Amino acid sequence: MKAFSIASIPGDGVGKEVVPAAQRVLKTISDIHGGLSFEFTEFPYSCEYYLEHGEMMPDDGLERLKGFDAIFLGAVGNRSLVPDHISLWGLLIKIRREFEQVINIRPAKFLKGIRSPLANPKDFDLLVVRENSEGEYSTIGGKIYRGEEEIAIQNNVFSRKGTERAMRFAFEMAAKRKKHVTSATKSNGIVHSMPFWDEVFEFTAKDYPEITTDSQHIDALAAFFVTQPERFDVIVASNLFGDILTDIGAAIMGSVGIAPAANINVNGKYPSMFEPVHGSAPDIIGKGIANPIGQIWTAKMMLDHFGEEELGNRLLDVIEDVLKSGWLTPDIGGTCTTKEVTDEIINRLKNV
């Protein structure tokens, strides 16, 4: 019996609706499989927790989380209650940084049953590997002076170790897919970090002769995501570029509500964290119509991480079958509730 202990953080807004839905799906998979089990321990860390305690998690919050096999996160943020820079840096980014979750993975694919805004999506299926620990999101910098003389300085940080680590991860992923890696760069405009990025990419590619490569400037690459997404397999990108590209990936799928993500710790010291791309969606809280697909697809990525790729692929096949049959929430043109979509996925899993 493989038993996995999962720290569950529903967080804010619809996270409290879609996390329980995805946990029901995982429970069903474990019941069917027999040799697999999940034990969830819920933590209340959220903006509501902040209003009560003055912090997004307690001082020993990371200590409480580090012993779990994985973290299953719903959503973070409610800007009407807590500024985003407090909620995100106090919980989501704090976990990513302190637990050395140096790689972020976000897939995007054409899902039959969902109308993509693209006129001809051509069955695109791509994966963005985002460097998740440094780059443009470093905390180095500051402000000086006041008034019209005020200056803000933000320093980007690109280490060879962090850059090469993300690139090697991308090549390893491509080896399991269509064997192509695209590098997102901007060396024609950013004169130090991006030529360095290009040099490390060319150096790393030499160790993977079976993988074909290309390099695209981020502005053109963003356009190609819309006009020719089917041409891509794995894309490796810096923190900022990867963040932007994956939102485009969610958009061309048809809804941010269906996009999953994984924050991966590669050294085994700490748990990895799995979360949907969508936010807390305060406009639909409590209506029972939040799309559970993003969270359930995130569960699929967690299964993959645990080495249960066959079960993960089976779950994604069932998700697509449910969507093709018209079980859609309002954000993707349907009238179904969170519970109805989840129930249908569970029913079909039982009948596979």
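**View 1. E308 is a buried residue, with a relative accessibility of 11%.** Buried means under 20% relative accessible area, exposed over 50%, and partly exposed in between, using a 1.4 Å probe and protein chains only. This is a predicted model, so local features need pLDDT of at least 70 and side-chain atom pairs count only at pLDDT 80 or more, while totals for chains, interfaces and linings use all residues. Residues are numbered from 1 along each chain as its sequence is written, and side-chain values use heavy atoms, with hydrogens and water left out.

**View 2. E308 sits in a loop between two helices.** Helices (H or I, at least four residues) and strands (E, at least two) are DSSP runs, numbered from the N terminus.

**View 3. E308 touches K2, H33, L36 and L303.** Residues up to four places away in sequence are not counted. Contact means heavy atoms within 4.5 Å. L36 is 272 residues from E308 in sequence, yet their C-alpha atoms are 9.6 Å apart.

**View 4. The side chains of E308 and K2 make a polar contact at 2.8 Å.** A polar contact is a pair of N or O atoms within 3.5 Å; within protein, one must be able to donate a hydrogen and the other to accept it, and residues adjacent in sequence count only if both atoms are side-chain atoms.

**View 5. C47 and C336 are both buried.** The relative accessible area is 0% for C47 and 10% for C336. The model has 0 disulfides, a disulfide being a pair of cysteine sulfur atoms within 2.5 Å.
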